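Dear colleague,

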Amino acid sequence: MESGTNLLSQINSPADLKPLGVEQLRSLAEEIRAYLTECVSKTGGHLAPSLGVVELTLALHKVYDLPKDKLIWDVGHQAYVHKILTGRRDQLPTIRQHGGLSGFLRIDESPYDLYGAGHASTSISAAMGFAKARDFRGGKESVLALIGDGALTGGLALEGMNNAADDGTNITVILNDNEMSIAENVGALATYLSKLRMEPMYQFAESTAKGVIKGLPLGSGLITKAARAAKHTATHFATPAHTGLLFEEMGFHYIGPIDGHNVEALIDVFNHVKKMKGAVLVHVLTVKGKGIPYAEADSRTYHGLSKFSPDDGRMESKTTGVTYTSAFSDTLCDLSETDDKIIGITAAMPDGTGLNKFAKLHPERFFDVGIAEQHAVTFAAGLAAENFKPVVAIYSTFLQRAYDQIVHDVALQHLPVRFFLDRGGLVGDDGGTHHGVLDLAYLRCVPNMVIAAPKDTDELRAMARFALAYNTGPIAVRYPRGGARQLSDENTPEIILGKAEVLQDGGDVALLGLGAGVEIALDAAALLAEQGIHATVVNARFCKPLDAETILEVARRCGRVITIEDGATTGGFGSGVLELLADHGVHIPIARIGLPDEFVEHGPVPVLREMVGLTAQAAAAKAREMVGTRRESGYAVV
């Protein structure tokens with residue numbers, strides 16, 4: 001697929017869009033789609049979301065004076081076109097590559113990225129902050145939040161809307177409605193939006209709406225007066241009175257639905273919206289994957305993907321073998337066949353968490369609650385209180401959004417909610433917003449919480465069975481993205497609460513691994529053995545409760561301990577071991593290997609692990625250093 005460069009090569013900033021006419025913008029849109037597809041085919045990334053907002057992004061950059069005017073994006077995976085138009089066109093081939101552009105919005109990447117975003121539903125609240133800061137300064141710039149219909153299901157988005165409408169400040173919310181988040185949207189709000197899509201306004205968007213708006217004199221104040229009198233904006237003269245009723249009742253001036261691929265209509269609407277006062281919501285209909293047939297036909301697959309052929313969309317074959325996600329999914333489905341109390345719950349991630357297979361088997365017991373992690377957890381708590389077995393499957397990074405619910409609604413009440421945290425540890429190209437490295441630390445301090453992490457997929461299956469049988473309180477099982485080398489033998493010991501597994505004995509140093517850290521510990525022990533240093537390797541299995549008996553025994557016997565985890569060392573597994581040894585008066589050299597107290601960049605996981613020292617080589621080097629120190633020199637925590 002060849003990408004044209006007649007217009008695109010001349011666009012180095014939004015200012016270059018200002019003199020372009022409608023036909024030129026339409027041609028530019030096609031060039032952008034071709035270039036975008038060509039670049040993402042080589043790097044992987046979020047294709048369909050950005051294809052769907054090409055005309056919308058062009059119209060916004062043409063009408064508004066960015067970054068003086070403030071455009072706050074939600075999530076950011078739909079902002080590739082924004083990056084192209086704001087001086088990063090030639091860098092797009094580096095997107096999501098180590099050292100290249102982020103796949104999301106970052107304040108430190110460009111002055112046009114006014115607010116970082118990687119998780120959904122944040123834009124309206126952040127935009128309110130920008131709007132009030134403008135008001136305090138006495139500024140006049142426009143402030144806009146661009147949010148998808150999927151992100152609008154998040155509670156934070158609705159909280160922001162409630163505040164924006166009540167405050168009365170000038171703010172515009174652009175609802176990019178493509179009927180999708182990653183999977184299909186669910187819930188009452190999604191149903192309401194689907195009804196709006198059927199209203200005549202969309203059918204007449206190219207003719208009636210444009211004519212009505214142009215017929216209103218800009219200086220007459222008629223738009224404002226009409227809105228104040230009837231809580232209806234200009235476009236409501238051409239559409240039934242109940243269109244947008246929900247948003248109108250919240251206090252927004254509702255405009256739409258508008259064809260999000262008609263750049264001329266979008267420019268006309270935005271030129272008038274920026275003159276309006278108060279809270280305005282512009283409802284824009286787009287097609288996810290627009291313009292690229294295979295992405296348009298299957299936007300779910302092409303939402304975020306690996307490398308593919310730009311000609312036909314054919315993707316590179318994935319690594320064979322069992323993944324953690326499939327091991328969890330298969331085990332849950334097996335258990336659910338004989339236990340009708342098992343309920344599957346996710347937050348807009350049925351495919352990514354593997355619950356889509358459970359959903360097909362037991363649709364009546366599966367709940368995708370939308371981008372509403374807080375609700376997912378408390379909903380599960382209610383089920384657990386009634387003696388059902390809720391399984392909450394959520395990416396590690398997204399469970400952060402429901403922390404109070406974990407504490408107040410689940411753990412405080414000893415409710416047996418089972419959390420399965422996919423994408424634990426470093427996840428690679430999505431970077432700091434998506435690395436699941438904080439979960440061990442933020443869950444470890446919660447009373448009544450049990451935390452387990454398997455060393456391989458066989459152990460995950462055993463832990464899933466254990467978790468479904470555990471009824472004393474909440475339990476979290478966290479595991480990495482992808483698969484792992486199988487470390488279990490045919491006689492894998494039964495999972496017992498708080499019981500570790502000693503994989504090999506040695507008297508010089510103890511390597512305590514948790515989850516993905518176990519493989520690193522075994523490889524480090526092999527490197528040490530080549531140099532005559534004999535290590536004990538322990539698969540901790542549980543971050544909480546720790547196996548105090550085993551850990552204290554190997555620590556006293558070996559005299560040196562190294563903990564290895566693919567999570568934050570601050571407050572994580574290693575910190576727990578330190579506390580255990582200190583509480584029992586065991587004062588020996590200890591080193592903790594894990595993630596540093598900083599946000600890790602995006603890039604391939606092996607590269608990132610090398611950067612932070614989460615490798616067998618780093619663990620072996622630390623062990624050699626510790627074994628080489630004389631005990632008479634004193635003991636220290638490293």
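This is a predicted model: local features need pLDDT of at least 70, side-chain atom pairs count only at pLDDT 80 or more; totals for chains, interfaces and linings use all residues.

Helix α1 covers residues 22–43, which is 22 residues in all. From its first C-alpha to its last, the helix reaches 31 Å, close to the 32 Å expected at 1.5 Å a residue.

In what order do the strands of the open five-stranded sheet lie? The order is β1-β2-β3-β5-β4, and the pairing is parallel. At the edges are β1 (70–73) and β4 (253–259), each of which pairs on one side only. From one strand to the next, the twist averages 20 degrees.

Strand β5, made of residues 279–285, pairs with β4 in the parallel sense, and five bridges join the two. Asp-259 has Leu-285 in β5 as its bridge partner.

**The sheet of seven strands**

A further open sheet has seven strands, arranged as β7-β6-β8-β9-β11-β10-β15, and its pairing is mixed. Its edge strands are β7 (366–368) and β15 (542–544), and each of these pairs on one side only. The twist in this sheet averages 20 degrees from one strand to the next.

Strand β6 comprises residues 342–346 and pairs with β7 in the parallel sense over three bridges. Within this pair, Thr-346 stands opposite Asp-368 in β7.

Which strands does helix α17 lie across? The helix, residues 373–385, lies across β6, β7, β8 (389–395) and β9 (418–422). Relative to β8, α17 runs at about 165 degrees.

**The second largest pocket**

Rolling a probe the size of a water molecule over the atoms shows where empty space is left. The second largest pocket holds about 630 Å³ of space. How many residues line this pocket? There are 30, and those that lie nearest its centre are Gly-431, Gly-432, Thr-433, Phe-599 and Val-600. Sorted by class, the lining has twelve nonpolar, 13 polar and five charged residues.

With kind regards

Definitions and conventions. Residues are numbered from 1 along each chain as its sequence is written. Side-chain values use heavy atoms; hydrogens and water are left out. Two strands pair if DSSP finds at least two bridges between them. Helices (H or I, at least four residues) and strands (E, at least two) are DSSP runs, numbered from the N terminus. Axes are lines fitted to C-alpha atoms, for helices over the stretch in contact, and angles run from 0 to 180 degrees between N-to-C directions. Contact means heavy atoms within 4.5 Å. On a 1 Å grid over the protein atoms alone, a cavity is a set of points where a 1.4 Å probe fits but cannot get out, and a pocket is an open set with protein on both sides within 12 Å along at least five of seven lines; lining residues have an atom within 4 Å of a point. Grid points are joined across faces, edges and corners, and a volume is the space filled by probe spheres set on the points. Ala, Val, Leu, Ile, Met, Phe, Trp, Tyr, Cys and Pro count as nonpolar, Asp, Glu, Lys and Arg as charged, and the others, Gly among them, as polar. The expected span of a helix is 1.5 Å times one less than its number of residues.
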